[in-house]
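Reader: Could you take me through this model, strand pairing to begin with?

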Amino acid sequence: MSSLKLTRREFSVASLATLGASAMPSLAHAKAPFLETRAPAFYTFMHGSMQITVVSDGPLPIGDASKVILGTPKDELAATLKPHFQSADGVVLQQNALVVNTGDKLVLIDTGLGPIKMFGEQTGRLGGNLAAA
């Protein structure tokens, strides 16, 4: 039998993931009419007969792109990011979850960070934005 060796960080992540998964209901039954409103925190569109809603969990400040995207010169990163309204010195990404409305079922894909502020005060907005959507 092989022994499993985890670092403290790997053990903590695995423990939190197990705890989070055990708190989730095994099956959800939900039905909702298609949305006809728009707001900055969510965006809806049709895909065939399904309505897809992209719901923001908030901005995720990454900071200096050269510390995250390794091996690319900073001037090249700046040129790549500029057309996307990003600065190489202060990259901010959006965290989003998808809600698929089939007409009979609602499916949430990704649950965001919830109320956790691990990545800054701007994150963890999914609950409120989901309620608004």
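**Strand pairing and surface**

Author: P59 has Q94 in β3 as its bridge partner. The model is predicted: local features need pLDDT of at least 70, side-chain atom pairs count only at pLDDT 80 or more, and totals for chains, interfaces and linings use all residues. Residues are numbered from 1 along each chain as its sequence is written, and side-chain values use heavy atoms, with hydrogens and water left out.

Reader: Over how many bridges do β2 and β3 pair?

Author: Strand β2 (residues 50–63) and β3 pair over eleven bridges, in the antiparallel sense. Strands are DSSP runs of E with at least two residues, helices are runs of H or I with at least four, and both are numbered from the N terminus. Two strands pair if DSSP finds at least two bridges between them.

Reader: And what joins β3 to β4?

Author: Four bridges join β3 to β4 (residues 106–109), and the two run antiparallel. Their hairpin has four residues between the strands, and G103 there takes a positive phi near 100°.

Reader: Which residue does L98 stand opposite?

Author: L98, in strand β3 (residues 91–101), stands opposite I109 in β4.

Reader: Changing topic, what is the overall layout of the elements?

Author: The protein chain has three helices and four strands, in the order α-β-β-α-β-β-α from the N terminus. Of its 133 residues, 20% count as buried.

Note on methods. Buried < 20%, exposed > 50% of the residue type's maximum accessible area, 1.4 Å probe, protein only.
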